[in-house]
Amino acid sequence: MEIFMKPPNTVVMISIFKLILFFSIPHAVLTLSSFTKLQLPPNVFGPESLAFDQQCGGPYTGVSNGRILKYEGSSSGFTEYAYTTPTWSKEVCESITEPNSAPTCGRPLGLGFNYQTGELYITDAVSGLLVVGPGGGLATPLATSAEGVPFGLPDALDVDQLTGKVYFTDASSVYGIREITQAVANNDATGRLLEYDPGTNQVTVLMKGLSGAVGAAVSRDGSFVLVTELFANRTQKFWLKGPKANTSEVLFTFQGRPDNIKTTANGTFWVAVNTGKLVPPTSPTGQEIDADGNALRTVNFEAEYGSTLISEVQERGDAGLNLFVGSLLANFVGVYTLNG
């Protein structure tokens, strides 16, 4: 039985934006005791990133047809929660597979809740930064540019629960979702790390010249934010507070292409890392690092994902024993339980 939907060629081109050279990862490897698939609705794929609300409800995820879905349990599965464009319609968007439909239907990528307000912040590949209230529905646009430069490919997002500020990435200032192959071919380095302040409705550029800025995660104390660079195979730390405020440094260099990065309850970070060639086979893994750049744990997902690229690994549950996995190409969200 096949686990994955066969993606259309254009989606494969998008996945090339998230590939790597083959190496092994030299640290502690964990084993998995169980695996569960949270199946998406028919003809839907691409749960690129995941979010959970303050009551631990979810996961919520943006998918290929432009909707944001919420998982309501095994009996109900995924149900519609929000969408990012007023032009979304079931007739046009329900079963779309082409990036060319994104201006009409939207393509939500990064998600993150503000637990104090219940608002869900969204980065959409075409519509920019948006927010939707606790009831879901049509999201409200917040920003489509910074410092006069339009967003090319808004991607990852995280919310500082202490300040309410939103940290997000523009993977490229030049290339959009329909131009991924050009970004790959040119090794694009026009990505940006950005900060949105809901108090002032202002967007500030924190870092420029990033090589495929595809992940962002703020520390639990709000002192720094991490950004992953797909093409540079690394994570950088940008200091928000303290004596190093407004400076950056390379925190970790991967032996693979990193994608989304997520903070854990313990203050560490899980990174989705794909190792392999620029065409399959690829080895999808999750790598945990700490705030000092030490590699802590690695989990290999090949047994369940084969050579399919993954985009996110997020730790949830008591004692951090559950890992939720997103993929731009899969038609499900993977849930793993770790041994020990």
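Strand E18 and strand E19 (residues 224–229) run antiparallel and are joined by 5 bridges. In this pairing, Gly215 stands opposite Thr228 in E19. The model is a predicted one.

Both strands belong to an open sheet of 4 strands in the order E18-E19-E20-E21, with antiparallel pairing. Strand E18 (213–218) and strand E21 (248–253) form the edges, each pairing on one side only. From one strand to the next, the twist averages 25°.

## Disulfide

The whole structure contains 1 disulfide. This bond is formed by Cys93 and Cys105, whose sulfur atoms are 2.0 Å apart. The link between Cys93 and Cys105 is left-handed, with -85° about the S-S bond. It connects distant parts of the chain: Cys93 belongs to helix H2 (residues 90–93) and Cys105 to helix H3 (residues 102–105), 12 residues apart.

Cys93 counts as buried because its relative accessibility is 0%. Cys105 is also buried, with a relative accessible area of 0%. Cys56, by contrast, is exposed, with a relative accessible area of 54%.

## Salt bridge of Arg67 and Glu94

A search of the whole structure gives 9 salt bridges. In one of them, the side chains of Arg67 and Glu94 meet at 3.8 Å, N to O.

Arg67 is buried, with a relative accessible area of 9%, while Glu94 counts as partly exposed at 22% relative accessibility.

## Salt bridge of Glu147 and Lys208

The side chains of Glu147 and Lys208 form a salt bridge at 3.3 Å, N to O. Distant parts of the chain are linked here: Glu147 sits in the loop between strand E12 (145–146) and strand E13 (149–150), and Lys208 in strand E17 (residues 202–210), 61 residues apart. Glu147 is exposed, with a relative accessible area of 53%. Lys208 counts as exposed too, at 59% relative accessibility.

Arg297 and Glu315 meet through their side chains in a salt bridge of 3.2 Å, N to O. Because Arg297 lies in strand E25 (residues 295–300) and Glu315 in strand E26 (residues 312–316), the pair ties together parts that are 18 residues apart in sequence. Arg297 counts as partly exposed at 23% relative accessibility, whereas Glu315 is buried, with a relative accessible area of 11%.

Salt bridges with shared partners also join Arg67, Glu80 and Glu94 into one network.

Methods. Residues are numbered from 1 along each chain as its sequence is written. This is a predicted model: local features need pLDDT of at least 70, side-chain atom pairs count only at pLDDT 80 or more; totals for chains, interfaces and linings use all residues. Side-chain values use heavy atoms; hydrogens and water are left out. Two strands pair if DSSP finds at least two bridges between them. Helices (H or I, at least four residues) and strands (E, at least two) are DSSP runs, numbered from the N terminus. Axes are lines fitted to C-alpha atoms, for helices over the stretch in contact, and angles run from 0 to 180 degrees between N-to-C directions. A disulfide is a pair of cysteine sulfur atoms within 2.5 Å. Buried means under 20% relative accessible area, exposed over 50%, partly exposed in between (1.4 Å probe, protein chains only). A salt bridge is a side-chain nitrogen of Lys or Arg within 4 Å of a carboxyl oxygen of Asp or Glu.
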